[in-house]
Amino acid sequence: MLPPLREVISRHGLAARKSLGQHFLLDENLTAKIARQAGDLAGRHVVEVGPGPGGLTRALLATDAASVTAVELQAAFADRLRLIEADALHTDLAALVPAPRQIVANLPYNAGSPMLVRWLHQAAAWERLTLMFQLEVAERICAAPGTAAYGRLSVLAQLTCRADILLRVPPSAFTPPPKVYSAVVGFVPDAAQPEPGLLAAFERVSAAAFGQRRKMLRGALRGLGGQALLDQAGIDGERRAETLTIEEFRRLASFA
């Protein structure tokens with residue numbers, strides 16, 4: 001029988017590093033619930049990022065996953081578990097395991113968004129991603145057009161996936177407790193993914209549009225063609241970025 005996680009932390013002198021935005025998740029009922037949010041993992045090769053003392057890792061190993069590969073930046077931290085010492089932000093996770101692949105992870109707050117952007121660029125490689133973020137970030141990812149939270153991350157995520165908040169997690173569930181709530185977001189990549197060229201154009205357009213979100217689009221997009229680009233896409237230049245749907249951003253990108 002495995003020792004309690006708090007005993008593991010104490011025995012090995014482990015500590016969550018504030019500089020990395022780490023908060024350990026030790027509640028076994030909650031980690032099991034997060035693992036269930038990923039659906040039936042039978043036969044799936046799961047990648048976990050930032051396992052820390054292994055709370056979520058234990059829950060994943062308790063499923064019928066074919067394998068669990070944990071990628072951990074800190075070296076301090078069975079036949080179905082492989083531990084890789086690496087920076088997940090600069091590692092091609094899809095190359096680590098065969099398909100069908102999933103990522104299930106409690107992400108460090110300070111690296112969650114850039115990690116997600118990297119993985120969305122290879123969304124076709126993944127069957128599903130089940131990821132925990134700071135609640136504010138999760139709400140931005142899933143935000144609808146016309147809302148204050150809607151922005152570049154919303155647009156990129158929803159261009160490539162169906163994204164839903166599955167679970168909200170209070171600060172008290174973590175050690176040490178953060179000052180904010182967290183949330184688990186489920187991503188199911190679309191069967192048809194945008195071509196790399198369109199995705200690159202899409203990022204240029206969304207960066208310009210939301211980089212000056214108080215401006216009308218004809219001004220915010222001046223460097224990419226301004227009103228001429230908007231006319232090609234059939235979009236009113238007096239609108240602002242947060243009013244555009246994902247499909248309208250797709251049209252803009254196709255002409256950019």
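Q: What makes two strands of this predicted model a pair?
A: Two strands pair if DSSP finds at least two bridges between them. Strands themselves are DSSP runs of E with at least two residues, and helices are runs of H or I with at least four, numbered from the N terminus. Strand β2 (residues 45-49) and β5 have three bridges in the parallel sense, so they meet the definition. In this pairing H45 stands opposite R101, and V47 has I103 as its bridge partner.

The model is predicted: local features need pLDDT of at least 70 and side-chain atom pairs count only at pLDDT 80 or more, while totals for chains, interfaces and linings use all residues. Residues are numbered from 1 along each chain as its sequence is written, and side-chain values use heavy atoms, with hydrogens and water left out.

Q: How do you know that β5 and strand β6 pair?
A: Five bridges join β5 to β6 (residues 128-134), and the two run parallel.

Q: Why are β4 and β7 called edge strands?
A: The open sheet has seven strands in the order β4-β3-β2-β5-β6-β9-β7, with mixed pairing. β4 (81-85) and β7 (161-169) each have a single partner strand, so one side of each lacks a neighbour in the sheet.

Q: What makes β5 a mostly covered strand?
A: Buried means under 20% relative accessible area, exposed over 50%, and partly exposed in between (1.4 Å probe, protein chains only). Six of the six residues of β5 (residues 101-106) are buried. Both faces are covered: R101, I103 and A105 lie on one side, and Q102, V104 and N106 on the other.

Q: Why is the unit of β5, helix α4 and β6 called right-handed?
A: A crossover is right-handed if, with the strands pointing away from the viewer, the path from the first strand over the helix to the second runs clockwise. β5, α4 (residues 112-120) and β6 make a β-α-β unit of this hand.

Q: What makes a set of residues a nonpolar core?
A: The set consists of buried Ala, Val, Leu, Ile, Met, Phe, Trp, Tyr and Cys residues joined through side-chain atoms within 4.5 Å. The largest such core has 57 residues, and those with the most contacts inside it are I103, L131, I141, F187 and F249. Helix α7 (residues 196-211) gives the largest share, seven residues. A second, separate core of 19 residues includes A35, V46, M132 and F174.
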